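These are my notes on the model shown below. Please read them alongside the coordinates.

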Amino acid sequence: MGPLRAAVAQSAPEIESGFGTIIGEAPVMRSLFEAVAQVADCDATVLLIGETGTGKEMIAREIHERSARRNRRLVKLNCAALPSELVESELFGYEKGAFTGAISQSL
């Protein structure tokens, strides 16, 4: 454990041990932690939206780590960075020959 983690764990052990790499005591953060715990328990799709740098990927990682799928791969995808023609194939995969350049199956 690094010195920063040790200092955080010592000053706020319930936060460090209770929510991985995300810390915060404000009511809005506690509400967020509860929401993450709730959605991690169910088999549902979760859409995280927000400004750049607000921690969407950290929240996605926490949901994944607390879910039944924790032993499977977490795929992160920035849909805004993809041409609209490729979003569907990136999300759902494609078959060999589905379009030019699809030389093998991808799921």
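Which residue forms a salt bridge with Arg61? The first point takes this up, after a word on the source.

This is a predicted model, in which local features need pLDDT of at least 70 and side-chain atom pairs count only at pLDDT 80 or more, while totals for chains, interfaces and linings use all residues. Residues are numbered from 1 along each chain as its sequence is written, and side-chain values use heavy atoms, with hydrogens and water left out.

1. The partner of Arg61 is Glu57, with the closest N and O atoms 3.2 Å apart. A salt bridge here is a side-chain nitrogen of Lys or Arg within 4 Å of a carboxyl oxygen of Asp or Glu. Both residues belong to helix H4 and are four residues apart, about one turn of the helix. Helices are DSSP runs of H or I, at least four residues long, numbered from the N terminus. An α-helix has 3.6 residues a turn, so residues three or four places apart point the same way.

2. Arg61 is partly exposed at 36% relative accessibility, and Glu57 is partly exposed at 41%. The cut-offs are under 20% relative accessible area for buried, over 50% for exposed, and partly exposed in between (1.4 Å probe, protein chains only).

3. Glu57 also meets the side chain of Lys76 in a salt bridge, at 3.4 Å from N to O. Lys76 sits in the loop between H4 and H5 and Glu57 in helix H4, so this pair ties together parts that are 19 residues apart in sequence. Through shared partners, salt bridges join Glu57, Arg61 and Lys76 into one network.

4. The count of salt bridges comes to four. One of them pairs Arg69 with Asp43, the closest N and O atoms being 2.3 Å apart. Arg69 lies in the loop between H4 and helix H5 (84–92) and Asp43 in the loop between H3 and H4, so the pair ties together parts 26 residues apart in sequence. Arg69 is partly exposed at 42%, whereas Asp43 is exposed at 66%.

5. His64 lies in helix H4 (residues 56–66) and is buried, with a relative accessible area of 10%. A polar atom of the His64 side chain lies 2.9 Å from the backbone oxygen of Arg72. Leaving aside residues up to four places away in sequence, His64 touches Arg69, Arg70, Arg72, Arg73 and Leu74, where contact means heavy atoms within 4.5 Å.

6. Ile59, Glu62, Ile63 and His64 are buried in H4. The buried residues of H4 pack against helix H3 (27–40).

Methods. Helices (H or I, at least four residues) and strands (E, at least two) are DSSP runs, numbered from the N terminus. A polar contact is a pair of N or O atoms within 3.5 Å; within protein, one must be able to donate a hydrogen and the other to accept it, and residues adjacent in sequence count only if both atoms are side-chain atoms.
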